[in-house]
Amino acid sequence: MSLEAPTYLASLQNNIRQRPIPWDGAVRSGLVTDSQLALIRALDRAKKTELKKSIIENDLDGYTALWVGDKAASRLSVLESAAKQPAIIQYLLVLLGDLIECAPTLAKSLLLSDDPYRSLRPLLLHSKTLDDPIPLLASKVITGIMAAARDGSAATRQALPETLSYLSELVESNDAPKQDIAIQQFSAILYSRQTRRQFWDQRNETVRPMIDILRSAAGVGSQSSTSSLWSGSATLRPATDAQLSGGVGLQLLYHVLLVLWQLSFDSSEIGDALNDEYDIVILYTQLLRVSPKEKTSRLIIATLWNLLEKNQRSLLPTAVLARLPSLLDNLTGRHFTDRDLLEDLSSLKELLEDYTRTKTTFDEYVAEVNSGHLRWSPPHRNAMFWAENARKILEYENGSLPKKLKDIMNRSWDQDKAVLAIACNDIGWLVREAPEKRHQLERLGLKKRVMELMDETDENVRWESLRALGGWLKYSFESSK
C-alpha cells in the first residue's frame, strides 16, 4: 500500500540530495573506493527513474555489493567504509531509499546476502536525539527493503524488533511530522501475519502510543480517563479541515486508523486483547461519532467489522453498551459514496441487529460487568431483575461476575466515582436477594471493600456503600438470634 511521503521527510530528502558531496576527497581519504564512486556517479548522472532502474538491473551484483559489501572478498559496504562522515551517510541513505523505490529487484537482491541489514541496523542507534536524520533515514531504508520484497527471512525477523522500537520512539515524541513518518512505515511493513505478530508482541511500544493519539482525537486525554467515553462526557473541540479534537491532524489520524485496520486482519487472535487492554470498541464508537471525513469513517467501520465479526461472543455485548447500534442507524442518513464503506456499514448493522434481537437483560448486565465499566443502566435499579437473577449472577461461570466486580471496586475511579457507587449498589442487591451466598462475597473481600468505601469523599459512594453494608448487618443480626 503506497502512501504519499510526509512533507517533513520529503523536504529533508530533497535538501540532502542537493548538498554537494566532496567525493574525490572521500576517495583520497579511503572512505569510498574508486569502483564504489563509479557506481554512485552513474546513478547521479541518470536523471530519469527508468534510466536508474535500467542501470541497476544491468549491474545488479555490483549494486548489491555496493550496499552490503562482499564478504568473500573482505570488502565493506559503502555505508560501512564511510561511516565516520555523517554528510556522506545521509546522502547514501537517501540514494538507497530512492533506488529501492524505483528498482524493487535491488531489495530482493540485497536480501539474498547473508546479512542484508548489517550496514543499516547500527545506524538506528547513531545518536539518542530524535532530530538526527541518520536513524530516521536508515529506518526508512530498512522498512523499504522489507516492504518492497515482502520479506519474511530470518534477517528481517531479526531486524524488525529494533526497527519497530526506534519508530515507536518517534510516535511517542509528540512531534506530529515524525509521528506520521513512523506510522507510515508501520503501515508499510504490516504486509504479513508474521510482521503483524511481531508488531502486536511489541504492542506496549507500537500500539499503545497510537491509541493515545486516537484518545486525543476522541477527546480523551489519557488511558485513565476512558470513563469519560462510557459516561459520554468526552470533551471535544470542533473539527476543522486539518485537525480533529486534541490537535490531531486528519492525515495523522487517517494513518493511525490505517495501521490499526491492517492489524485487525488478525482479529480472531488479538481482538479480545485489543479491547481488554485499550477499550477499542468504545473508543472507535466515539471516533465514528466525530469522524469528519468519509475516508476516516471507512477505516473505523471496517476495523469494527473485522473485530466484531471475529469476536461476536465477547465484543458484540460491548458494542451494544457503547450504543453503536443507534449510532449506525444515524449514519444511514449520511450520503456516503464509498462502496466498501456502505457494504461494511450494512454488514455491521445486520450483525448487531441479529444480536440485539436475541439478547436478554441478563446478557446486558453480564456484558456491562465484563466491560470493566459500570453505568446506571436499567438493570441496576430494577428490583425484578435482581429477584430473578441474583443467584444466577453469583453462579455464572463459576462466580466470574463477583470477581469482576471486585476488580472494578479495587480501582480508584478518580474521574468517575459513579462506578464505585453502582458496584456497591449491585453488591447490596446480591446480599439482599441471596443472603445465603453472602459468604461467597466476603471471601472475595467485597464486604471489607464496601466498608472502606464508606470513607469515600463522594457522597453517592458513601450512601450506596452504607446501603450495601445494611444488608450484611441485617442478616448477620438475624443469624445471631
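User: What makes helix 7 roughly parallel to helix 9?

Analyst: In this predicted model, the axes of helix 7 (residues 86-102) and helix 9 (residues 133-149) cross at roughly 20 degrees. Angles under 35 degrees count as roughly parallel. Therefore helix 7 is roughly parallel to helix 9. Their axes come within 9 Å.

User: Which hand does the crossing of helix 7 and helix 9 have?

Analyst: The crossing is left-handed.

User: Which residues of helix 7 and helix 9 meet?

Analyst: On helix 7, they include Pro86, Ile89, Leu93, Val94, Leu96 and Ile100. Gln90, Gly97 and Glu101 of helix 7 also take part. Helix 9 answers with Pro133, Ile134, Leu137, Ala138, Lys140, Val141, Gly144, Ile145 and Ala148.

User: How do the residues of this contact divide into nonpolar, polar and charged?

Analyst: The contact of helix 7 with helix 9 has 13 nonpolar, 3 polar and 2 charged residues. Glu and Lys count as charged, and Glu101 and Lys140 are among the residues that meet. Gly counts as polar; Gly97 and Gly144 are among the contact residues.

User: What are the bounds of domain 2 and domain 3?

Analyst: Domain 2 covers 203-223 + 244-360, and domain 3 covers 362-477. Domain 1 is 1-151.

User: How do you know that domain 2 and domain 3 are in contact?

Analyst: Contact means heavy atoms within 4.5 Å. By that cut-off, 9 residues of domain 2 are in contact with 9 residues of domain 3. The two domains bury about 800 Å² between them, 41% of it on carbon and sulfur atoms.

User: Which three residues supply 60% of the area that domain 2 buries against domain 3?

Analyst: They are Leu321, Lys359 and Thr360, and no other three residues of domain 2 supply more. The C-alpha centres of domain 2 and domain 3 lie 30 Å apart.

Methods. Residues numbered from 1 in each chain as written. Predicted model: local features only at pLDDT ≥ 70, side-chain atom pairs only at ≥ 80, totals over all residues. Heavy atoms only, no water. Axes fitted to C-alpha atoms, helices over the stretch in contact; angles between N-to-C directions. Helix = DSSP H or I, 4+ residues; strand = E, 2+ residues; numbered from the N terminus. Parallel < 35°, antiparallel > 145°, perpendicular 65-115°, else oblique. Left-handed = near helix turned anticlockwise from the far one by under 90°. Domains from an automatic or database assignment. Buried area = accessible area lost by both parts, 1.4 Å probe.
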